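Hi,

Here is the structure I promised to pass on to you.

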There are 2 protein chains.
Amino acid sequence: MARRSDHTREELKELILTSASKIIEKEGFSALTARKIAADIGYTPGTLYNVFQSMDGLTLVLNGITLEKLLPVLANSKDSNKDKAPEEIMKAMARTYRDFAINNRERWLMMFKHEISDEAEIPEWFRGKIALLFQPLEDVLKNHFSFKTDAERQIAARSLWASIHGIYFLHETGKLPLLDGKDVCENMTDALIDNCVKGLR
Amino acid sequence: MARRSDHTREELKELILTSASKIIEKEGFSALTARKIAADIGYTPGTLYNVFQSMDGLTLVLNGITLEKLLPVLANSKDSNKDKAPEEIMKAMARTYRDFAINNRERWLMMFKHEISDEAEIPEWFRGKIALLFQPLEDVLKNHFSFKTDAERQIAARSLWASIHGIYFLHETGKLPLLDGKDVCENMTDALIDNCVKGLR
DNA sequence: ACATTAATTAAACACTGTTCAATTATTAGT
DNA sequence: ACTAATAATTGAACAGTGTTTAATTAATGT
(Lines give C-alpha, C1' and ligand atoms only; values in the text may rest on other atoms or scores of the structure.)
Protein backbone atom coordinates (compact mmCIF):
# COMPACT_ATOMS: atom_id res chain seq x y z
CA MET A 1 0.00 0.00 0.00
CA ALA A 2 1.30 3.37 -0.98
CA ARG A 3 1.86 5.43 2.15
CA ARG A 4 -0.37 8.41 2.20
CA SER A 5 2.51 10.73 2.99
CA ASP A 6 4.46 9.65 -0.07
CA HIS A 7 2.94 12.45 -2.05
CA THR A 8 0.85 15.46 -1.28
CA ARG A 9 -2.42 15.92 -3.06
CA GLU A 10 -0.69 18.31 -5.45
CA GLU A 11 2.20 15.93 -6.14
CA LEU A 12 -0.28 13.16 -6.80
CA LYS A 13 -2.15 15.32 -9.26
CA GLU A 14 1.12 16.07 -11.00
CA LEU A 15 2.07 12.38 -11.07
CA ILE A 16 -1.24 11.46 -12.64
CA LEU A 17 -1.07 14.18 -15.28
CA THR A 18 2.52 13.32 -16.17
CA SER A 19 1.77 9.62 -16.45
CA ALA A 20 -1.38 10.28 -18.46
CA SER A 21 0.54 12.51 -20.84
CA LYS A 22 3.15 9.81 -21.30
CA ILE A 23 0.52 7.20 -22.13
CA ILE A 24 -1.30 9.47 -24.57
CA GLU A 25 1.86 10.42 -26.40
CA LYS A 26 3.03 6.82 -26.65
CA GLU A 27 -0.22 4.97 -27.26
CA GLY A 28 -2.89 7.53 -28.02
CA PHE A 29 -6.01 8.71 -26.27
CA SER A 30 -7.84 5.40 -26.62
CA ALA A 31 -5.14 3.69 -24.53
CA LEU A 32 -5.62 6.05 -21.61
CA THR A 33 -7.29 4.06 -18.84
CA ALA A 34 -7.59 4.57 -15.11
CA ARG A 35 -5.93 1.23 -14.34
CA LYS A 36 -2.99 1.97 -16.62
CA ILE A 37 -2.27 5.31 -15.02
CA ALA A 38 -2.68 3.83 -11.54
CA ALA A 39 -0.28 0.97 -12.26
CA ASP A 40 2.21 3.42 -13.72
CA ILE A 41 2.32 5.66 -10.67
CA GLY A 42 2.13 2.83 -8.13
CA TYR A 43 -1.37 3.44 -6.88
CA THR A 44 -4.77 1.85 -7.52
CA PRO A 45 -7.59 3.19 -9.71
CA GLY A 46 -9.59 4.34 -6.71
CA THR A 47 -6.93 6.88 -5.82
CA LEU A 48 -7.44 8.63 -9.17
CA TYR A 49 -11.00 9.26 -8.12
CA ASN A 50 -9.80 11.01 -4.98
CA VAL A 51 -7.88 13.47 -7.11
CA PHE A 52 -10.08 13.75 -10.18
CA GLN A 53 -13.82 13.54 -10.36
CA SER A 54 -13.79 11.10 -13.26
CA MET A 55 -11.81 10.07 -16.31
CA ASP A 56 -13.82 12.65 -18.15
CA GLY A 57 -12.68 15.33 -15.73
CA LEU A 58 -9.08 14.22 -16.06
CA THR A 59 -9.37 14.34 -19.84
CA LEU A 60 -10.68 17.86 -19.65
CA VAL A 61 -7.75 18.96 -17.49
CA LEU A 62 -5.34 17.30 -19.93
CA ASN A 63 -6.96 19.12 -22.82
CA GLY A 64 -6.65 22.34 -20.86
CA ILE A 65 -2.92 21.72 -20.53
CA THR A 66 -2.69 21.15 -24.28
CA LEU A 67 -4.36 24.50 -24.87
CA GLU A 68 -1.91 26.11 -22.44
CA LYS A 69 1.00 24.60 -24.32
CA LEU A 70 -0.31 25.83 -27.63
CA LEU A 71 -1.04 29.42 -26.62
CA PRO A 72 2.53 30.69 -26.08
CA VAL A 73 3.74 28.84 -29.16
CA LEU A 74 1.20 30.70 -31.26
CA ALA A 75 1.83 34.04 -29.57
CA ASN A 76 5.53 33.61 -30.13
CA SER A 77 5.01 32.84 -33.79
CA LYS A 78 3.03 36.03 -34.12
CA ASP A 79 5.65 38.16 -32.33
CA SER A 80 8.66 36.84 -34.20
CA ASN A 81 7.00 37.71 -37.52
CA LYS A 82 5.49 41.03 -36.52
CA ASP A 83 7.38 43.10 -39.12
CA LYS A 84 6.04 41.14 -42.05
CA ALA A 85 2.86 41.72 -43.98
CA PRO A 86 -0.26 40.51 -42.15
CA GLU A 87 -0.87 37.66 -44.57
CA GLU A 88 2.69 36.44 -43.98
CA ILE A 89 2.25 36.61 -40.22
CA MET A 90 -0.91 34.58 -40.47
CA LYS A 91 0.69 32.05 -42.78
CA ALA A 92 3.52 31.64 -40.29
CA MET A 93 0.98 31.15 -37.50
CA ALA A 94 -0.88 28.56 -39.55
CA ARG A 95 2.35 26.62 -40.04
CA THR A 96 3.08 26.90 -36.34
CA TYR A 97 -0.31 25.45 -35.58
CA ARG A 98 0.23 22.63 -38.06
CA ASP A 99 3.64 21.82 -36.59
CA PHE A 100 2.15 21.77 -33.12
CA ALA A 101 -0.56 19.41 -34.34
CA ILE A 102 2.02 17.08 -35.88
CA ASN A 103 4.49 17.21 -32.99
CA ASN A 104 1.73 16.67 -30.42
CA ARG A 105 -0.49 14.57 -32.62
CA GLU A 106 -2.24 12.45 -30.01
CA ARG A 107 -2.79 15.30 -27.58
CA TRP A 108 -4.09 17.42 -30.41
CA LEU A 109 -6.47 14.76 -31.74
CA MET A 110 -7.67 14.09 -28.21
CA MET A 111 -9.10 17.59 -27.94
CA PHE A 112 -11.50 16.88 -30.76
CA LYS A 113 -12.25 13.25 -30.02
CA HIS A 114 -13.27 13.94 -26.46
CA GLU A 115 -16.91 14.65 -25.93
CA ILE A 116 -18.18 15.59 -22.53
CA SER A 117 -20.60 12.87 -21.59
CA ASP A 118 -24.24 13.25 -20.78
CA GLU A 119 -24.55 16.64 -22.46
CA ALA A 120 -22.78 18.27 -19.55
CA GLU A 121 -21.73 21.77 -20.35
CA ILE A 122 -18.14 22.60 -21.15
CA PRO A 123 -16.99 24.34 -17.95
CA GLU A 124 -16.31 28.04 -17.99
CA TRP A 125 -12.59 27.74 -17.19
CA PHE A 126 -12.18 25.61 -20.30
CA ARG A 127 -14.16 27.90 -22.56
CA GLY A 128 -11.93 30.70 -21.30
CA LYS A 129 -8.81 28.84 -22.38
CA ILE A 130 -10.25 28.33 -25.86
CA ALA A 131 -11.15 32.00 -26.13
CA LEU A 132 -7.58 32.95 -25.21
CA LEU A 133 -6.34 30.90 -28.11
CA PHE A 134 -7.92 33.27 -30.62
CA GLN A 135 -6.19 36.29 -29.10
CA PRO A 136 -2.96 36.21 -31.15
CA LEU A 137 -4.88 36.07 -34.41
CA GLU A 138 -7.26 38.76 -33.20
CA ASP A 139 -4.23 40.93 -32.42
CA VAL A 140 -2.97 40.62 -35.97
CA LEU A 141 -6.36 41.59 -37.33
CA LYS A 142 -6.52 44.51 -34.92
CA ASN A 143 -3.10 45.79 -35.94
CA HIS A 144 -3.64 45.62 -39.70
CA PHE A 145 -7.34 45.91 -40.45
CA SER A 146 -10.27 47.92 -39.28
CA PHE A 147 -13.55 46.47 -38.11
CA LYS A 148 -16.79 48.16 -37.29
CA THR A 149 -17.13 46.33 -34.01
CA ASP A 150 -15.07 44.08 -31.76
CA ALA A 151 -17.56 41.33 -32.41
CA GLU A 152 -16.89 41.48 -36.13
CA ARG A 153 -13.18 41.12 -35.59
CA GLN A 154 -13.76 38.18 -33.25
CA ILE A 155 -15.92 36.54 -35.85
CA ALA A 156 -13.32 37.07 -38.55
CA ALA A 157 -10.59 35.57 -36.36
CA ARG A 158 -12.67 32.53 -35.41
CA SER A 159 -13.82 32.04 -38.95
CA LEU A 160 -10.30 32.01 -40.34
CA TRP A 161 -9.06 29.85 -37.51
CA ALA A 162 -11.81 27.28 -37.87
CA SER A 163 -11.17 27.13 -41.60
CA ILE A 164 -7.48 26.47 -41.23
CA HIS A 165 -8.11 23.96 -38.51
CA GLY A 166 -10.74 22.28 -40.67
CA ILE A 167 -8.22 21.73 -43.43
CA TYR A 168 -5.52 20.33 -41.13
CA PHE A 169 -7.96 18.20 -39.17
CA LEU A 170 -9.66 16.54 -42.12
CA HIS A 171 -6.28 16.03 -43.73
CA GLU A 172 -4.68 14.49 -40.64
CA THR A 173 -7.61 12.15 -40.03
CA GLY A 174 -7.44 10.88 -43.60
CA LYS A 175 -10.72 12.39 -44.69
CA LEU A 176 -9.39 14.49 -47.56
CA PRO A 177 -8.47 11.91 -50.18
CA LEU A 178 -6.40 12.81 -53.22
CA LEU A 179 -4.47 15.31 -51.15
CA ASP A 180 -1.53 13.25 -50.04
CA GLY A 181 1.12 15.66 -51.21
CA LYS A 182 3.03 17.16 -48.34
CA ASP A 183 2.80 20.78 -49.50
CA VAL A 184 -0.81 20.66 -50.64
CA CYS A 185 -2.10 21.57 -47.19
CA GLU A 186 0.23 24.54 -47.04
CA ASN A 187 -0.95 25.74 -50.41
CA MET A 188 -4.54 25.40 -49.33
CA THR A 189 -4.13 27.42 -46.15
CA ASP A 190 -1.95 30.01 -47.89
CA ALA A 191 -4.59 30.53 -50.56
CA LEU A 192 -7.25 30.74 -47.89
CA ILE A 193 -5.34 33.42 -46.00
CA ASP A 194 -4.58 35.40 -49.14
CA ASN A 195 -8.25 35.37 -50.09
CA CYS A 196 -9.25 36.34 -46.60
CA VAL A 197 -6.85 39.31 -46.57
CA LYS A 198 -8.04 40.42 -50.00
CA GLY A 199 -11.58 40.29 -48.72
CA LEU A 200 -10.76 42.36 -45.64
CA ARG A 201 -9.17 45.15 -47.62
CA MET B 1 -33.19 -19.47 -30.89
CA ALA B 2 -33.87 -17.51 -33.99
CA ARG B 3 -34.43 -19.86 -36.85
CA ARG B 4 -31.79 -19.46 -39.45
CA SER B 5 -34.36 -19.22 -42.25
CA ASP B 6 -36.11 -16.28 -40.60
CA HIS B 7 -33.95 -13.91 -42.55
CA THR B 8 -31.54 -14.22 -45.40
CA ARG B 9 -28.04 -12.89 -44.98
CA GLU B 10 -29.12 -9.74 -46.80
CA GLU B 11 -32.22 -9.24 -44.67
CA LEU B 12 -30.15 -9.69 -41.56
CA LYS B 13 -27.70 -7.08 -42.75
CA GLU B 14 -30.58 -4.71 -43.37
CA LEU B 15 -32.07 -5.43 -39.94
CA ILE B 16 -28.78 -4.67 -38.24
CA LEU B 17 -28.20 -1.45 -40.16
CA THR B 18 -31.75 -0.25 -39.52
CA SER B 19 -31.55 -1.03 -35.82
CA ALA B 20 -28.12 0.58 -35.52
CA SER B 21 -29.36 3.71 -37.26
CA LYS B 22 -32.29 3.90 -34.85
CA ILE B 23 -30.01 3.62 -31.83
CA ILE B 24 -27.58 6.22 -33.14
CA GLU B 25 -30.31 8.71 -33.93
CA LYS B 26 -31.97 8.24 -30.55
CA GLU B 27 -28.99 7.86 -28.23
CA GLY B 28 -25.88 8.79 -30.15
CA PHE B 29 -22.86 6.90 -31.39
CA SER B 30 -21.53 6.12 -27.92
CA ALA B 31 -24.71 4.14 -27.16
CA LEU B 32 -24.23 1.86 -30.14
CA THR B 33 -23.23 -1.56 -28.79
CA ALA B 34 -23.31 -5.03 -30.24
CA ARG B 35 -25.56 -6.34 -27.45
CA LYS B 36 -28.04 -3.52 -27.88
CA ILE B 37 -28.42 -4.11 -31.61
CA ALA B 38 -28.68 -7.87 -31.07
CA ALA B 39 -31.38 -7.52 -28.43
CA ASP B 40 -33.28 -5.13 -30.67
CA ILE B 41 -33.42 -7.47 -33.65
CA GLY B 42 -33.92 -10.63 -31.60
CA TYR B 43 -30.54 -12.21 -32.12
CA THR B 44 -27.39 -12.53 -30.03
CA PRO B 45 -24.18 -10.54 -30.39
CA GLY B 46 -22.38 -13.40 -32.05
CA THR B 47 -24.70 -13.23 -35.04
CA LEU B 48 -23.55 -9.68 -35.75
CA TYR B 49 -20.08 -11.08 -36.22
CA ASN B 50 -21.34 -13.44 -38.88
CA VAL B 51 -22.61 -10.50 -40.89
CA PHE B 52 -20.04 -7.84 -40.05
CA GLN B 53 -16.38 -8.30 -39.35
CA SER B 54 -16.45 -6.15 -36.23
CA MET B 55 -18.18 -3.19 -34.66
CA ASP B 56 -15.59 -1.10 -36.41
CA GLY B 57 -16.58 -2.57 -39.76
CA LEU B 58 -20.25 -1.97 -39.03
CA THR B 59 -19.48 1.63 -38.10
CA LEU B 60 -17.67 2.12 -41.37
CA VAL B 61 -20.65 0.79 -43.33
CA LEU B 62 -22.96 3.09 -41.38
CA ASN B 63 -20.72 6.04 -42.16
CA GLY B 64 -20.75 5.01 -45.79
CA ILE B 65 -24.56 5.13 -45.75
CA THR B 66 -24.41 8.61 -44.23
CA LEU B 67 -22.19 9.73 -47.07
CA GLU B 68 -24.62 8.20 -49.55
CA LYS B 69 -27.49 10.08 -47.97
CA LEU B 70 -25.60 13.35 -48.10
CA LEU B 71 -24.45 13.16 -51.71
CA PRO B 72 -27.83 13.51 -53.51
CA VAL B 73 -28.92 16.20 -51.04
CA LEU B 74 -25.88 18.25 -51.98
CA ALA B 75 -26.18 17.55 -55.69
CA ASN B 76 -29.82 18.58 -55.58
CA SER B 77 -28.97 21.81 -53.79
CA LYS B 78 -26.51 22.60 -56.55
CA ASP B 79 -28.95 21.82 -59.35
CA SER B 80 -31.88 23.76 -57.96
CA ASN B 81 -29.71 26.88 -57.71
CA LYS B 82 -27.83 26.49 -60.96
CA ASP B 83 -29.04 29.77 -62.49
CA LYS B 84 -27.70 31.90 -59.66
CA ALA B 85 -24.22 33.40 -59.32
CA PRO B 86 -21.58 30.85 -58.28
CA GLU B 87 -21.14 32.37 -54.83
CA GLU B 88 -24.88 32.06 -54.24
CA ILE B 89 -24.90 28.45 -55.37
CA MET B 90 -22.08 27.68 -52.97
CA LYS B 91 -23.78 29.51 -50.11
CA ALA B 92 -26.91 27.48 -50.73
CA MET B 93 -24.84 24.30 -50.71
CA ALA B 94 -23.18 25.31 -47.47
CA ARG B 95 -26.59 25.82 -45.86
CA THR B 96 -27.70 22.47 -47.20
CA TYR B 97 -24.70 20.84 -45.61
CA ARG B 98 -25.36 22.61 -42.31
CA ASP B 99 -29.02 21.56 -42.34
CA PHE B 100 -27.99 17.98 -43.04
CA ALA B 101 -25.56 18.14 -40.12
CA ILE B 102 -28.26 19.45 -37.80
CA ASN B 103 -30.99 17.10 -38.99
CA ASN B 104 -28.70 14.08 -38.83
CA ARG B 105 -26.57 15.30 -35.97
CA GLU B 106 -25.52 12.02 -34.42
CA ARG B 107 -24.83 10.31 -37.73
CA TRP B 108 -22.87 13.33 -38.86
CA LEU B 109 -20.79 13.56 -35.67
CA MET B 110 -20.16 9.83 -35.83
CA MET B 111 -18.24 10.20 -39.07
CA PHE B 112 -15.65 12.35 -37.35
CA LYS B 113 -15.58 10.61 -33.97
CA HIS B 114 -14.91 7.24 -35.49
CA GLU B 115 -11.30 6.34 -35.86
CA ILE B 116 -10.32 3.11 -37.53
CA SER B 117 -8.50 1.14 -34.89
CA ASP B 118 -4.98 -0.12 -35.07
CA GLU B 119 -3.90 2.28 -37.80
CA ALA B 120 -5.77 0.18 -40.33
CA GLU B 121 -6.14 2.00 -43.59
CA ILE B 122 -9.42 3.53 -44.60
CA PRO B 123 -10.67 1.10 -47.26
CA GLU B 124 -10.76 2.15 -50.87
CA TRP B 125 -14.55 1.92 -51.23
CA PHE B 126 -14.91 4.42 -48.40
CA ARG B 127 -12.33 6.82 -49.77
CA GLY B 128 -14.22 6.67 -53.04
CA LYS B 129 -17.44 7.73 -51.36
CA ILE B 130 -15.68 10.70 -49.77
CA ALA B 131 -14.20 11.71 -53.10
CA LEU B 132 -17.67 11.64 -54.69
CA LEU B 133 -18.85 14.11 -52.09
CA PHE B 134 -16.62 16.83 -53.50
CA GLN B 135 -18.03 16.40 -57.00
CA PRO B 136 -20.95 18.85 -56.79
CA LEU B 137 -18.69 21.62 -55.53
CA GLU B 138 -16.09 20.75 -58.14
CA ASP B 139 -18.81 21.02 -60.79
CA VAL B 140 -19.67 24.54 -59.70
CA LEU B 141 -16.03 25.53 -59.86
CA LYS B 142 -15.70 23.91 -63.28
CA ASN B 143 -18.74 25.77 -64.64
CA HIS B 144 -17.78 29.22 -63.41
CA PHE B 145 -14.02 29.44 -63.05
CA SER B 146 -10.98 28.34 -64.94
CA PHE B 147 -8.13 26.34 -63.47
CA LYS B 148 -4.79 25.44 -64.94
CA THR B 149 -5.15 21.80 -63.99
CA ASP B 150 -7.77 19.44 -62.69
CA ALA B 151 -5.70 19.00 -59.58
CA GLU B 152 -5.88 22.70 -58.82
CA ARG B 153 -9.64 22.68 -59.06
CA GLN B 154 -9.81 19.64 -56.82
CA ILE B 155 -7.64 21.37 -54.27
CA ALA B 156 -9.78 24.50 -54.36
CA ALA B 157 -12.93 22.46 -53.85
CA ARG B 158 -11.49 20.47 -50.96
CA SER B 159 -10.01 23.54 -49.38
CA LEU B 160 -13.30 25.43 -49.41
CA TRP B 161 -15.20 22.39 -48.26
CA ALA B 162 -12.86 21.66 -45.37
CA SER B 163 -13.06 25.29 -44.30
CA ILE B 164 -16.83 25.37 -44.22
CA HIS B 165 -16.93 22.03 -42.47
CA GLY B 166 -14.36 23.29 -39.95
CA ILE B 167 -16.58 26.18 -39.00
CA TYR B 168 -19.71 24.07 -38.61
CA PHE B 169 -17.91 21.29 -36.81
CA LEU B 170 -16.15 23.43 -34.21
CA HIS B 171 -19.35 25.35 -33.71
CA GLU B 172 -21.52 22.28 -33.26
CA THR B 173 -19.10 20.66 -30.83
CA GLY B 174 -19.03 23.79 -28.68
CA LYS B 175 -15.45 24.65 -29.47
CA LEU B 176 -16.08 28.13 -30.86
CA PRO B 177 -17.07 30.14 -27.78
CA LEU B 178 -18.60 33.59 -28.08
CA LEU B 179 -20.34 32.52 -31.24
CA ASP B 180 -23.68 31.40 -29.95
CA GLY B 181 -25.77 33.52 -32.28
CA LYS B 182 -27.74 31.46 -34.75
CA ASP B 183 -26.79 33.45 -37.83
CA VAL B 184 -23.15 33.95 -36.97
CA CYS B 185 -22.15 30.70 -38.60
CA GLU B 186 -23.97 31.65 -41.78
CA ASN B 187 -22.24 34.99 -41.87
CA MET B 188 -18.89 33.29 -41.40
CA THR B 189 -19.35 30.83 -44.22
CA ASP B 190 -20.88 33.47 -46.50
CA ALA B 191 -17.88 35.74 -45.99
CA LEU B 192 -15.57 32.81 -46.57
CA ILE B 193 -17.26 31.95 -49.85
CA ASP B 194 -17.30 35.58 -51.02
CA ASN B 195 -13.60 35.88 -50.29
CA CYS B 196 -12.89 32.64 -52.04
CA VAL B 197 -14.79 33.72 -55.16
CA LYS B 198 -13.02 37.10 -55.17
CA GLY B 199 -9.73 35.26 -54.96
CA LEU B 200 -10.59 32.96 -57.85
CA ARG B 201 -11.46 35.84 -60.22
C1' DA C 1 -0.65 4.82 24.08
C1' DC C 2 -5.04 5.53 22.25
C1' DA C 3 -8.85 7.47 19.59
C1' DT C 4 -9.74 9.98 15.60
C1' DT C 5 -9.23 11.15 10.93
C1' DA C 6 -8.13 10.53 6.35
C1' DA C 7 -5.78 8.15 2.41
C1' DT C 8 -5.62 3.86 0.07
C1' DT C 9 -7.15 -0.37 -1.42
C1' DA C 10 -9.64 -4.61 -2.91
C1' DA C 11 -13.59 -6.15 -4.49
C1' DA C 12 -17.61 -5.74 -6.74
C1' DC C 13 -20.96 -3.98 -10.41
C1' DA C 14 -22.48 -3.27 -14.84
C1' DC C 15 -20.81 -2.66 -18.78
C1' DT C 16 -17.73 -3.26 -23.41
C1' DG C 17 -15.90 -5.99 -27.98
C1' DT C 18 -14.77 -10.39 -29.39
C1' DT C 19 -14.00 -15.48 -29.83
C1' DC C 20 -15.37 -20.19 -30.02
C1' DA C 21 -17.12 -24.67 -28.77
C1' DA C 22 -21.57 -26.57 -28.48
C1' DT C 23 -26.17 -26.61 -29.98
C1' DT C 24 -29.74 -26.42 -33.25
C1' DA C 25 -31.91 -25.89 -37.80
C1' DT C 26 -31.59 -26.72 -42.61
C1' DT C 27 -30.14 -29.06 -46.65
C1' DA C 28 -28.26 -32.96 -49.50
C1' DG C 29 -27.80 -37.66 -50.33
C1' DT C 30 -29.34 -42.15 -50.18
C1' DA D 1 -38.30 -41.16 -44.93
C1' DC D 2 -34.06 -41.31 -42.57
C1' DT D 3 -29.53 -40.14 -42.02
C1' DA D 4 -25.29 -37.48 -42.79
C1' DA D 5 -23.30 -33.16 -43.78
C1' DT D 6 -23.55 -28.32 -43.41
C1' DA D 7 -24.20 -23.95 -41.75
C1' DA D 8 -26.53 -20.50 -38.66
C1' DT D 9 -27.12 -19.36 -33.94
C1' DT D 10 -26.11 -19.32 -29.31
C1' DG D 11 -24.16 -19.14 -24.56
C1' DA D 12 -20.42 -18.83 -22.11
C1' DA D 13 -16.17 -17.17 -21.46
C1' DC D 14 -12.14 -13.76 -21.72
C1' DA D 15 -9.99 -9.60 -20.99
C1' DG D 16 -10.94 -5.37 -20.77
C1' DT D 17 -13.55 -0.63 -19.29
C1' DG D 18 -15.31 3.35 -15.68
C1' DT D 19 -16.93 3.78 -11.22
C1' DT D 20 -18.50 2.99 -6.31
C1' DT D 21 -17.89 1.61 -1.64
C1' DA D 22 -16.82 -0.87 2.49
C1' DA D 23 -12.82 -2.26 4.75
C1' DT D 24 -8.14 -1.60 5.74
C1' DT D 25 -4.17 0.88 6.81
C1' DA D 26 -1.45 4.93 7.89
C1' DA D 27 -0.92 9.46 10.05
C1' DT D 28 -2.38 12.70 13.39
C1' DG D 29 -4.18 14.96 17.70
C1' DT D 30 -4.82 14.29 22.47
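A salt bridge here is a side-chain nitrogen of Lys or Arg within 4 Å of a carboxyl oxygen of Asp or Glu. By that rule, the count between chain A and chain B is two salt bridges. Please keep in mind that this is a predicted model.

Let me start with the interface between the chains. One of its salt bridges joins A:E115 to B:K113, with 3.2 Å between the closest N and O atoms. Chain A and chain B also share four residue pairs in polar contact, where both residues have pLDDT 80 or more. On the side of chain A that touches chain B, two or more residues come from each of helix 6 (105-113), helix 7 (124-133), helix 9 (150-172) and helix 10 (184-200) of chain A. Helix 9 of chain A gives the most to that side, with 11 residues.

As for extent, 37 residues of chain A and 36 residues of chain B take part in the contact. About 3,200 Å² is buried between chain A and chain B, and carbon and sulfur atoms give 66% of that area. The residues of chain A that lose the most area to chain B are A:R158, A:K175 and A:P177, which together make up 17% of what that side buries.

Next, the inside of chain A. The chain is divided into domain 1 (1-52) and domain 2 (54-200), and the centres of these two domains of chain A, taken over C-alpha atoms, are 30 Å apart. Their contact draws on 14 residues from domain 1 of chain A and 12 residues from domain 2 of chain A. The area buried between domain 1 and domain 2 of chain A is about 1,200 Å², with 79% of it given by carbon and sulfur atoms. Three residues of domain 1 of chain A, namely A:I24, A:F29 and A:F52, supply 46% of the area that this domain buries against domain 2 of chain A, more than any other three residues.

There is a polar side to this domain contact as well. The count between domain 1 and domain 2 of chain A is one salt bridge. A:E25 and A:R107 form a salt bridge through their side chains, at 3.7 Å from N to O. Two residue pairs are in polar contact between domain 1 and domain 2 of chain A, both residues being at pLDDT 80 or more. Helix 1 (9-27) and helix 2 (34-41) of chain A each supply at least two residues of the side of domain 1 of chain A that touches domain 2 of chain A. Of the elements there, helix 1 of chain A gives the most to that side, with six residues.

A search of the whole structure finds zero disulfides over all chains. B:C185 counts as buried at 5% relative accessibility, and B:C196 counts as buried at 12%.

B:D190 is buried, with a relative accessible area of 15%. Apart from its neighbours within four places in sequence, B:D190 is in contact with B:K91 and B:R95.

Best wishes

Technical notes
Residues are numbered from 1 along each chain as its sequence is written. Chains are lettered from A and ligands numbered from 1 in the order in which they are written. This is a predicted model: local features need pLDDT of at least 70, side-chain atom pairs count only at pLDDT 80 or more; totals for chains, interfaces and linings use all residues. Side-chain values use heavy atoms; hydrogens and water are left out. A disulfide is a pair of cysteine sulfur atoms within 2.5 Å. Buried means under 20% relative accessible area, exposed over 50%, partly exposed in between (1.4 Å probe, protein chains only). Domain bounds come from an automatic or database domain assignment. Contact means heavy atoms within 4.5 Å. Buried area is the accessible area (1.4 Å probe) that two parts lose on being put together, summed over both. A polar contact is a pair of N or O atoms within 3.5 Å; within protein, one must be able to donate a hydrogen and the other to accept it, and residues adjacent in sequence count only if both atoms are side-chain atoms. Helices (H or I, at least four residues) and strands (E, at least two) are DSSP runs, numbered from the N terminus.
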